Amino acid sequence: MELSEGERKSRLIGRNVNISVVGFGYIGASIGLSLSAQGFSVTGIDKNEALLESLEGGHCPFEEPGLQELLDASLKNNNLTLTSDFSIISDSEVIILVVGTPLDEDFNPNLEFVVSASREIGKNLSRGSIVMVKSTVPPGATSNSIAPILVENSGLVCGKDFGLVFSPERVDEGNVIRGLSSLPIIVGGVDDHSAQVSSQFWSICLGVETMYVSDPTAAELVKLADNLWIDLNIALANEIALVSDSIGVDAMEVISAANSLPKGQHSVNILFPSIGVGGYCLTKDPWFLDRYSSQMGLELITPRASRTINEKMPIITLERISSILSGNGASLEGSIVSILGASFKSNTGDMRNTPSIKIANDLADRGVVVRVFDPLVNEEDFAPFRVSSICSEIESAVEGADMIAVFSPHKMFLELDLHFLKSLTSDSCWFYDGRRAYSPKKVIESGFRYSAIGGVLYE
């Protein structure tokens, strides 16, 4: 804190700043490697020794475009240190906290990792450093939980001897590296100086716009508001799709027309219906807000509504597929369903909370022969599937299939020759468009029968 603004700026431009990233998982590694590849001295701290060994060996275990290249550049620059030893924090002027905050079995936020990491940071915190919290936490956690832990374990005064801000991470899987250098950074500091130091850091290091909010609590709520909006929007699309099904219209036609309406500074922007919502944030953050609000005496409706709707979509998809396959009174036993894309999001191999697992396993429990093909997913991540086969080639996955179900429309799947695909399947094969990524007309012209949530059946 003793440095002037000009001195800090000069050191940042000269990459003469030591940075520690506590929690070197998916997001932590993306941030740390982005900074080290630019020439900053970065220490990644994590208790997962296997992860650290993998990274030190030059292998990035996270399927994120561009991240392996950043690791290669960082190792070449020789300015990346990976360790489980928190003592190195004493030499760092910037400490970025990015540990996980899962839900417990009752959907309450589990801050165990945040508390533990904060305690270790405090024990090794030096005067003049700044701590930037990026772990998703309930409103008030930075000021009321993290700050006291840092003070107790460091003996320093928050806002005077060290800076503290909450700066939510807003990137999404598959676009993390691009998002880090393009999305506005939200900064909420315990005092103005902390906010200014953090803003200067991000604007110089990543070249991004920064936006101030009044304090860490406001910044914490920004993160939850963003993800609740997305979850609610998808839930709205899913319910429009269900209504469209009941009256025999195409939901995509309805949504496209609805989105033409200007409203405020933008237009209506309803997202696409789908088989369900996966990933780490959207399935968790609405519950953070719901549980926190309950503790404050508020009973919110929207977080539970979005979660209820989106969590039932895999079941609706299961019943839809089952109904189609047994439409003429046939037994599901022995029907072949080929699932293309198992990850929760297209163009990634991320399997966290993916709805495809439940759908596939429930189909298999009903006697369906289920084959899964997703070349972006690591082999070990297929372990939760109880299906007939995990295929390494698309030809073996779809051969003789009674239904091809695209659950993650990776670019490679969208570029497939549908006529060729159809030639490998049964004569009456269905094509289930789980993310509304295909033109029904083109699918039908290829010889398939087409179905999707919120879409008229095309036979």
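Modeller: A cavity is a set of grid points where a 1.4 Å probe fits but cannot get out. This is a predicted model, and its largest cavity has a volume of about 50 Å³.

Biologist: How many cavities of 30 Å³ or more does the structure hold?

Modeller: The structure holds one cavity of 30 Å³ or more.

Biologist: Which residues line the largest cavity?

Modeller: The lining is made up of Pro168, Glu169, Arg170, Val171, Gly179, Leu180, Leu183, Pro184, Ile185 and Ile186. Two elements, α7 (176–180) and β7 (185–189), each give two or more residues to this lining.

Biologist: And what is the lining like by class?

Modeller: Seven of the lining residues are nonpolar, one is polar and two are charged.

Biologist: Turning to helices, how do α5 and α6 cross?

Modeller: The axes of α5 (residues 112–123) and α6 (residues 141–154) come within 7 Å and cross at roughly 35°. The crossing is right-handed.

Biologist: Which residues make that contact?

Modeller: From α5 they are Val114, Val115, Ser118, Arg119, Ile121, Gly122 and Lys123, and from α6 they are Ile146, Ile149, Leu150, Asn153 and Ser154. By class, the contact has six nonpolar, four polar and two charged residues.

Biologist: What about the whole chain: how many helices and strands are there?

Modeller: The secondary structure of the protein chain comes to 17 helices and 16 strands.

Notes
Residues numbered from 1 in each chain as written. Predicted model: local features only at pLDDT ≥ 70, side-chain atom pairs only at ≥ 80, totals over all residues. Heavy atoms only, no water. 1 Å grid on protein atoms, 1.4 Å probe; cavity = no way out; pocket = protein on both sides within 12 Å on 5 of 7 lines; lining within 4 Å. Points joined across faces, edges and corners; volume = space filled by probe spheres on them. Helix = DSSP H or I, 4+ residues; strand = E, 2+ residues; numbered from the N terminus. Nonpolar A, V, L, I, M, F, W, Y, C, P; charged D, E, K, R; others polar. Axes fitted to C-alpha atoms, helices over the stretch in contact; angles between N-to-C directions. Left-handed = near helix turned anticlockwise from the far one by under 90°. Contact = heavy atoms within 4.5 Å.
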